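Thank you for asking me to look over this model.

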Amino acid sequence: MPGFRIWFGRKIKTATSHYTTLSVRLPLILLACFALASCGHAEKDTHAGQPVTKRKLVFKQILRNFEPMGLIVRGRRPYEKDRFLQYAVELQTLSTQPWKYFTPDSNYAPTRAKPEVWQKPAQFKQAQQAFIAASAQLVQGAKTGNMDVIRADYGKVADSCKACHRDFRGGPR
């Protein structure tokens, strides 16, 4: 078993000293295991109606439609007009849905929303409208089948996402 010898072999020689492989690698392996184990622990949304959980689910659905379009736009997947249009229409439908879950009582962990969502409601509403409008424009561009138009419209949706994330989304709490 060469793999076993690589990880748990007798000695590693360095220019200055000798270390046993086990004494060097075992702590690193254990540290990696503990780090990975801690990644799986997420806070649960126990609030009435679970608005944080619901908006996260909608954003995940948005991403499931947006990412495949990105692969197509970047030439990593073949362009199929009907399939792309299907993704764009679903994105447009979803673009209006997560906002109703940003209720005044939904600023609690596990949200990643910054307090600015509630402190600057007019700006947050503008960011929502920019995303909704860009999504609708992407559908119109997808109907043309012109990849130059589609790339530009896809870029506008991506820009609206980035702007909103920059201004209204923080790291995990």
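**Notes on the predicted model**

1. I begin with a charge and a ring: in this predicted model, the charged end of Arg55 sits over the ring of Phe102, at 4.2 Å from the centre of that ring.

2. Because Phe59 belongs to helix H3 while Trp99 belongs to the loop between H4 and helix H5 (116–119), the pair ties together parts that lie 40 residues apart in sequence. Phe59 is partly exposed, with a relative accessible area of 31%, whereas Trp99 is buried, with a relative accessible area of 12%.

3. For Phe102 and Phe124, the ring centres are 5.0 Å apart and the planes are at 70°, so this pair is edge-to-face. Phe102 lies in the loop between H4 and H5 and Phe124 in helix H6, so the pair ties together parts 22 residues apart in sequence. Ring pairs link these residues into a cluster made up of Phe59, Trp99, Phe102, Trp118, Phe124, Phe131 and Phe168.

4. Helix H4 deserves a separate look. Which residues of H4 are buried? They are Phe84, Tyr87, Ala88, Leu91 and Leu94, and they cover an arc of only 125° around the axis, which puts them on the same side of H4. An α-helix has 3.6 residues a turn, so residues three or four places apart point the same way. The buried residues of H4 pack against helix H3 (51–73), helix H6 (121–144) and helix H7 (147–168).

5. As for the protein as a whole, there are seven helices and two strands, which follow one another along the sequence in the pattern α-β-β-α-α-α-α-α-α. Of the 173 residues, 29% count as buried, and the accessible surface comes to about 11400 Å², with 59% of that surface belonging to carbon and sulfur atoms. Among the contacts with a separation of 6 or more, 65% are between residues 24 or more positions apart.

Conventions
Residues are numbered from 1 along each chain as its sequence is written. This is a predicted model: local features need pLDDT of at least 70, side-chain atom pairs count only at pLDDT 80 or more; totals for chains, interfaces and linings use all residues. Side-chain values use heavy atoms; hydrogens and water are left out. Buried means under 20% relative accessible area, exposed over 50%, partly exposed in between (1.4 Å probe, protein chains only). Helices (H or I, at least four residues) and strands (E, at least two) are DSSP runs, numbered from the N terminus. The arc is that of the directions from the helix axis to the C-beta atoms. Contact means heavy atoms within 4.5 Å. Accessible areas come from the Shrake-Rupley method with a 1.4 Å probe; for residues, only the protein chains shown count as cover. Rings of Phe, Tyr and Trp (its six-membered ring) pair if their centres lie within 6.5 Å; planes under 30 degrees apart count as stacked, over 60 as edge-to-face and the rest as tilted. A charge sits over a ring if NZ of Lys or CZ of Arg is within 6 Å of the ring centre and within 35 degrees of the ring normal.
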